[in-house]
Amino acid sequence: MAAMISLVLLYTILGGMFSVVVTDYVQFILLSVSMLFVCAYSISVLGWQPLVDTVKTVHGAAGFDPFDQDGFGITYVLWMMFTFRLVSCAIWPTAVMRVLAARDEVVVRRIYTWSSIGFMTRFIIPQFIGICALTWLWQQNHDTYFDSQGVLIAGADESFKSLPRYLAWLLPTGLIGLLAAGMLAAEMSTQDSYLLCWATRIVEDVINPLTGGRLSMRMRLLLSRIMIFLIGVFLLAWSIWYPRQQDMLDYLAVGTAIYFTGIIALLVFGLYWKKASRAGAYAALIAGTSAVVGLTPVREMLHVTNADLGFTITEAQIALTSVALSMSTMIFGSLRFPDHRETVSTEVV
C-alpha cells in the first residue's frame, strides 16, 4: 500500500490533471478487460443456473427483490440512490471537477452520458463476481460458511476474504496476476483523482482566499503539490489505523454522507431559495457532520449502538436522518438569521 500510494503521489504531483486523465483511461481499459473475462469464465465454470439457485437458497426473495425487508429494504435502497446516484452527479468533487473543466454544456452532457456506462458497470460487475463467490462457497465450503438452513453465518472478515479465495481457486497463474493488476490500477486511479481534487480545493478555496487571492500561480502549484503529498500520508496512516467494523460499501457510503449531507442542502437552497443565508449554510454544514454517527467505532464510542438503544437503527436511517436535519437547519438558520442585503433604489426620470 505504501509503495502504491508513493507511485500515485509521484505521477500526480509531476503530471497533474494530464497524468490523471491518461492513467485513469489506461487503468480503466485494463480493469474492464480483466473483470469482464472473470465474469465470462465464472459462468462457464459454475454455470448460470447454480448462481440463481444459490442466491434463492441463501437469501430467498431478498436475493432478487432489493425492497424486501429481509434484505436491503426501501430505506437502504433510497440511501444508495441518494448517495451514489444523485450526489455522484451533482456535488461529488472528483466528478464535478471534470465537468467544470468542460468547454460547454454539450461536452458536459457527453461526459455524463458516457461516464454513466462506467458507473453502472463498476457497480454491476463486482456484485456479480460476489454472487459467483457465494455460489463457490456454497459448493465447496458449505459447512464452514452456512448453517443447516442454508443461512450465511460467516463473520464480516470471513465474508470479506471469500472473493479473493474464490478468484485464487478459479484463475490460473498469469490471469490472476492480470486481474490483480487491474484491481491495483483501479485503486490507483481512484487515489490520484482524490489527491488532485482535494489538494486543489484546499489551496483554491481555503488558502488562497485567506491571503486575499494574492498567491501567484507558481506558489499555488507548489502548495497544491505539498497538499497532495500530505493527503497521501494521511491516507496511508488512516488505512492502517482505522478499525473497519462494518461492510466496506456501508463504510464508504457513510464517509460520503459526512460530506454530502451539508453540501446538498447548500446546493439546493442556494440555487432555488432566495432567502437562503450564510448562517443557514453554516448550520447545514455543521448538521451534516452528524452522519459520522453511522460509523461503527463512533457509535460504540457514543454508546448509540443497537444494544445500547434497545432498538435497531441502521446506517441508512442515520444518513437519511442527517440529510433531513441538514435541510431543516438550513431553513431555520436562514429564516432566523437572514443576510442583510443592500437594496438599490432606482428612479424613473
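Buried means under 20% relative accessible area, exposed means over 50%, and partly exposed lies in between, with a 1.4 Å probe and protein chains only. By this scale R201, at 31% relative accessibility, is partly exposed. The structure is a predicted model, in which local features need pLDDT of at least 70, side-chain atom pairs count only at pLDDT 80 or more, and totals for chains, interfaces and linings use all residues. Residues are numbered from 1 along each chain as its sequence is written, and side-chain values use heavy atoms, with hydrogens and water left out.

**Overall architecture**

- The chain has 14 helices and zero strands, where helices (H or I, at least four residues) and strands (E, at least two) are DSSP runs numbered from the N terminus.
- The C-alpha trace spans about 85 × 50 × 40 Å along its principal axes.
- Of the 349 residues in the chain, 37% are buried.
- Contact means heavy atoms within 4.5 Å; among contacts between residues at least 6 apart in sequence, 75% join residues at least 24 apart.

**Helix α2 (residues 48-59)**

- Helix α2 has twelve residues, and its first and last C-alpha atoms are 17 Å apart, close to the 16 Å expected at 1.5 Å a residue. The expected span of a helix is 1.5 Å times one less than its number of residues.
- The residues L51, T54, V55 and V58 of α2 are buried. Viewed down the axis of α2, the buried residues fall within an arc of 95°, so they line one face of the helix; the arc is that of the directions from the helix axis to the C-beta atoms.
- An α-helix has 3.6 residues a turn, so residues three or four places apart point the same way.
- After α2 comes G60, which has a positive phi, near 65°.

- The 36 residues of helix α5 should span 52 Å at 1.5 Å a residue, which agrees with the 53 Å between its end C-alpha atoms.
- At S115, α5 bends by about 25°. The bend at a residue is the angle between axes fitted to the seven residues ending there and the seven starting there.
- At the start of α5, a side-chain oxygen of D104 comes to within 3.1 Å of the backbone nitrogen of V106.

**Salt bridges**

- The structure holds three salt bridges, each defined as a side-chain nitrogen of Lys or Arg within 4 Å of a carboxyl oxygen of Asp or Glu.
- D104 also takes part in a salt bridge with R103, with the closest N and O atoms 3.6 Å apart. R103 is exposed at 69% relative accessibility, whereas D104 is partly exposed, with a relative accessible area of 27%.
- R201 and D205 form a salt bridge whose closest N and O atoms are 2.9 Å apart. These two residues are four residues apart in helix α8 (residues 175-210), which means that about one helical turn separates them. D205 is partly exposed, with a relative accessible area of 49%.
- R220 and E204 meet through their side chains in a salt bridge of 3.0 Å, N to O. This pair links distant parts of the chain, with R220 in helix α9 (residues 217-241) and E204 in helix α8, 16 residues apart. Both residues are partly exposed: R220 has a relative accessible area of 21%, and E204 has 25% relative accessibility.

**C197 in helix α8**

- C197 lies in helix α8 and is buried, with a relative accessible area of 0%.
- The C-alpha atoms of C197 and P93 are separated by 6.7 Å, although these residues are 104 residues apart along the chain.

**Helix α10 (residues 248-272)**

- Helix α10 has 25 residues and reaches 35 Å from its first C-alpha to its last, close to the 36 Å expected at 1.5 Å a residue.
- A kink of about 35° in α10 is centred on A257.
- Among the buried residues of α10 are D250, Y251, A257, F260, T261 and F269.

**S322 in helix α14 (residues 315-336)**

- S322 lies in helix α14 and is buried, with a relative accessible area of 2%.
- The side chains of S322 and S290 are joined by a polar contact of 3.0 Å. A polar contact is a pair of N or O atoms within 3.5 Å; within protein, one must be able to donate a hydrogen and the other to accept it, and residues adjacent in sequence count only if both atoms are side-chain atoms.
- The side chain of S322 also reaches the backbone nitrogen of A291 at 3.4 Å.
- Apart from its neighbours within four places in sequence, S322 is in contact with T261, A287, G288, S290 and A291.
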